[in-house]
Amino acid sequence: MSGPTKTMAVLTCAALVLTTAYTVALGSSGWLWFGLIVLIVVTIGMAAADSTVPPAPPPRPPGTTS
């Protein structure tokens, strides 16, 4: 996974913890859970898109031409 995808995954986990804590402390909020589900779907989409990108070709040695 690339850096932005890892960051998104960490933020999604933090959002899950915060949403759960909010629900336990103050009661359930449908909009919070809906937003969390959207965030999870976006994170899965980023991870899927990141895994389908082929690696860059290795650089050519200096002095070679084609």
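This is a predicted model: local features need pLDDT of at least 70, side-chain atom pairs count only at pLDDT 80 or more; totals for chains, interfaces and linings use all residues.
Entry 1: I began with α1, which runs over residues 3-26 and so counts 24 residues. From its first C-alpha to its last I get 34 Å, close to the 34 Å expected at 1.5 Å a residue.

**Entry 2: the buried side.** Which residues of α1 are buried? My list reads T5, M8, T12 and T19. I then looked up their packing partner: the buried residues of α1 pack against α2, residues 30-51. A reminder to myself: an α-helix has 3.6 residues a turn, so residues three or four places apart point the same way.

**Entry 3: T5.** Is T5 buried or exposed? T5 counts as buried because its relative accessibility is 3%, and the cut-off for buried is under 20%. Setting aside residues up to four places away in sequence, T5 touches M46, A47 and D50. With D50 there is also a polar contact between the side chains, at 3.5 Å.

**Entry 4: Y22.** Next I turned to Y22, also placed in helix α1. Y22 has a relative accessible area of 37%, so I noted it as partly exposed. What does Y22 contact, leaving aside neighbours within four places in sequence? I found G27, S29 and L32. Lastly, I checked Y22 against P4: they sit 18 residues apart along the chain, and their C-alpha atoms are separated by 26 Å.

Terms used. Residues are numbered from 1 along each chain as its sequence is written. Side-chain values use heavy atoms; hydrogens and water are left out. Helices (H or I, at least four residues) and strands (E, at least two) are DSSP runs, numbered from the N terminus. The expected span of a helix is 1.5 Å times one less than its number of residues. Buried means under 20% relative accessible area, exposed over 50%, partly exposed in between (1.4 Å probe, protein chains only). Contact means heavy atoms within 4.5 Å. A polar contact is a pair of N or O atoms within 3.5 Å; within protein, one must be able to donate a hydrogen and the other to accept it, and residues adjacent in sequence count only if both atoms are side-chain atoms.
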